[in-house]
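Biologist: Can you walk me through this one? I have not looked at it before.

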Amino acid sequence: MYELLRAALAEADKAGIATFVMRGRQYLTALRAADQVLVLQTLHWADEVRDPGRELPELPSGRAGRGKELDMALQLVDALSSEWEPARYHDTCQEKVRELVKAKAEGRDIAVAEEAPEATDVVDLMDVLQHSLDQARSSGSGAAEQRKKPASGRPAQKSELRRLSKSELYQQASDRNVPGRSKMTRDQLIDALAGAGRRGRKKAA
């Protein structure tokens, strides 16, 4: 029955509309045929879809044109573009909650997060674009240099690893092909990388 429905939707090039209940809430969904499977996607109800022309006092116009601002924005998009790697993205909110729970269980002090800075008016869009572009190019070249470093270099100590951000730790874990790295917290990545370093030293000996 499953394959019959999938094949029929694929052949007709149509999507099915259905509702289902999950966690006590009813959802409107679209059922589409994909390669060997059916894909269920949730939709908005009609009253949840709003007209931006009515909701927003003013919509952006076509003033961007083909000037220097657009050219610089295109350069910024190009500098920030990379191959799609789903494993690089994590549920950081869940990771932070786990780290807080672990810190609480270990009796460590929990630092209160600083308040977010207040928004400021943009004085010169060109300056902001140029600053963002410089940052993107700088971080891009730094990431490229990091990828060029051989994974067989001197293993980092835990004290060195703790100075790195989670994304930098994840990059090192990828270079060393650490299994299960995509689901690890920052502390778990540090432990895994330190363990990988110790194993490397034993093999060298």
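Modeller: Here is a quick tour, from the overall fold to a few residues. Keep in mind that this is a predicted model.

Biologist: How many helices and strands are there in the protein chain?

Modeller: The protein chain has eight helices and three strands. From the N terminus on, the order is α-β-β-β-α-α-α-α-α-α-α.

Biologist: What percentage of the residues count as buried?

Modeller: Of the 205 residues in the protein chain, 16% are buried. The chain exposes about 16700 Å². Carbon and sulfur atoms supply 53% of that area.

Biologist: Which residues make up the largest nonpolar core?

Modeller: That core has eleven residues. Among them are Leu161, Leu169, Tyr170, Val178, Met184 and Leu193. Two elements, α7 and α8, each give two or more residues to this core. The largest share, five residues, comes from α8.

Biologist: Pick one of those. What does Leu169 touch?

Modeller: Leaving out residues up to four places away in sequence, Leu169 touches Leu161, Leu164, Arg186, Leu189, Ile190 and Leu193.

Biologist: And what is in the second core?

Modeller: That one is separate and has five residues, including Met72, Leu76, Leu133 and Ala136.

Biologist: Back to the helices. Where does Thr185 lie?

Modeller: Thr185 sits in the loop between α7 (166–175) and α8 (186–204).

Biologist: Is Thr185 buried or exposed?

Modeller: Thr185 has a relative accessible area of 10%. The cut-off for buried is under 20%, so Thr185 counts as buried.

Biologist: Which residues is Thr185 in contact with, leaving aside neighbours within four places in sequence?

Modeller: Those contacts are with Glu99 and Lys166.

Biologist: New topic. How many aromatic pairs does the structure hold?

Modeller: Two. In one, the ring centres of Phe20 and Tyr27 are 5.6 Å apart and the planes are at 25°. Planes under 30 degrees apart count as stacked, so this pair is stacked.

Biologist: How exposed are Phe20 and Tyr27?

Modeller: Phe20 is partly exposed, at 25% relative accessibility. Tyr27 is at 19%, so Tyr27 counts as buried.

Biologist: What about Trp84 and Tyr89?

Modeller: Their ring centres are 5.4 Å apart, with the planes at 25°, so Trp84 and Tyr89 are stacked too. Trp84 is exposed, at 64% relative accessibility. Tyr89 is also exposed, at 52%.

Biologist: One last thing. Among contacts between residues at least 6 apart in sequence, what share joins residues at least 24 apart?

Modeller: In the protein chain, that share is 42%.

Note on methods. Residues are numbered from 1 along each chain as its sequence is written. This is a predicted model: local features need pLDDT of at least 70, side-chain atom pairs count only at pLDDT 80 or more; totals for chains, interfaces and linings use all residues. Side-chain values use heavy atoms; hydrogens and water are left out. Helices (H or I, at least four residues) and strands (E, at least two) are DSSP runs, numbered from the N terminus. Buried means under 20% relative accessible area, exposed over 50%, partly exposed in between (1.4 Å probe, protein chains only). Contact means heavy atoms within 4.5 Å. A nonpolar core is a set of buried Ala, Val, Leu, Ile, Met, Phe, Trp, Tyr and Cys residues joined through side-chain atoms within 4.5 Å. Rings of Phe, Tyr and Trp (its six-membered ring) pair if their centres lie within 6.5 Å; planes under 30 degrees apart count as stacked, over 60 as edge-to-face and the rest as tilted. Accessible areas come from the Shrake-Rupley method with a 1.4 Å probe; for residues, only the protein chains shown count as cover.
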